[in-house]
Amino acid sequence: MNNRITQSIAQSIEVKQSVLADENFLARINTAAQMMITTLQNGGKVHFCGNGGSAADAQHLAAELSGRFYFDRPPLNAEALHCNTSYLTAVGNDYGYEYVFSRLLRGTAKSGDVVVGLSTSGNSKNILQAYRTAKEMGVGIVSLTGETGGEMRDFSDILLNVPSCDTPRIQECHIMIGHIICEIVETTLFGNLKDKH
């Protein structure tokens with residue numbers, strides 16, 4: 001048992017070390033943060049979406065922006081697209097689960113917003129459908145995926161494809177990347193408030 005514990009921790013560290021050593025990947029993380037900063041400065045919104053564990057991560061990251069991250073400051077306009085279960089089950093039942101994100105995005109997004117999709121495979125049909133809608137509406141697309149990027153690669157303005165094919169290791173890296181982005185966004189927009197609370 002202890003061998004499996006240490007192996008899992010070592011594997012998680014290895015994936016993060018790979019990201020750390022990739023200057024291009026680090027630059028893309030910063031570019032994603034800057035895209036969100038521009039959107040929020042212009043009165044736009046950041047929409048997050050994912051399924052399963054990635055839905056939990058999407059909701060987590062939206063909350064870091066709309067609530068707070070490191071310090072007290074005004075809320076930011078960010079939300080996960082799956083949080084209304086009445087909507088989710090109605091649209092899933094009436095139209096198909098493939099459309100649960102795209103339909104809400106069409107109703108709540110505007111040109112200049114950003115949608116952030118989280119998928120370890122990069123092939124989630126409902127995220128791909130949301131991306132098609134985003135492209136039509138002029139909404140920027142940031143993808144957090146596994147190594148290949150899947151089909152989401154072709155839609156993404158910024159692709160953050162974690163160098164792993166192991167779902168738990170990818171998700172662990174996604175939340176780290178998301179936290180870094182949230183810190184950059186918060187500090188850039190409200191750094192002057194950091195020491196006042």
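A residue counts as buried when its relative accessible area is under 20%, as exposed when that area is over 50%, and as partly exposed in between. With that in hand, let us walk through this predicted model, beginning with a residue that meets the first of these cut-offs. R73 has a relative accessible area of 6%, so it is buried.

What does R73 form a salt bridge with? Its partner is E186, and the closest N and O atoms of the two are 2.8 Å apart. R73 sits in the loop between α3 (53–66) and β2 (78–80), while E186 belongs to helix α7, so this pair ties together parts that lie 113 residues apart in sequence. E186 is buried as well, because its relative accessibility is 0%.

In general, side chains of opposite charge can pair when their charged atoms come close.

R169 is buried at 9% relative accessibility, whereas E172 is partly exposed at 27%. Through salt bridges that share partners, D166, R169 and E172 are joined into one network.

Helix α7 (residues 167–190) also has a part in the next stop, the largest cavity, giving the most to its lining with three residues. A search of the whole structure finds one cavity of 30 Å³ or more, and the volume of the largest is about 50 Å³. Around it are M36, F48, L61, V116, L144, G178, I181 and C182. By class, this lining has seven nonpolar residues, one polar residue and no charged ones.

M1, I5, I9 and I13 make a nonpolar patch of about 450 Å². Of these, I9 is in helix α1 (residues 2–20) and is partly exposed, at 49% relative accessibility. Helix α1 is also the place of Q11, which is partly exposed with a relative accessible area of 24%. From the C-alpha atom of Q11 to that of M137, 126 residues apart along the chain, the separation is 40 Å.

Methods
Residues numbered from 1 in each chain as written. Predicted model: local features only at pLDDT ≥ 70, side-chain atom pairs only at ≥ 80, totals over all residues. Heavy atoms only, no water. 1 Å grid on protein atoms, 1.4 Å probe; cavity = no way out; pocket = protein on both sides within 12 Å on 5 of 7 lines; lining within 4 Å. Points joined across faces, edges and corners; volume = space filled by probe spheres on them. Helix = DSSP H or I, 4+ residues; strand = E, 2+ residues; numbered from the N terminus. Nonpolar A, V, L, I, M, F, W, Y, C, P; charged D, E, K, R; others polar. Patch = residues over 30% accessible without salt bridge, like charges linked within 9 Å, V, L, I, M, F, W, Y side chains within 5 Å. Areas by Shrake-Rupley, 256 points an atom, 1.4 Å probe, with all protein chains shown as cover. Salt bridge = Lys/Arg side-chain N within 4 Å of Asp/Glu carboxyl O. Buried < 20%, exposed > 50% of the residue type's maximum accessible area, 1.4 Å probe, protein only.
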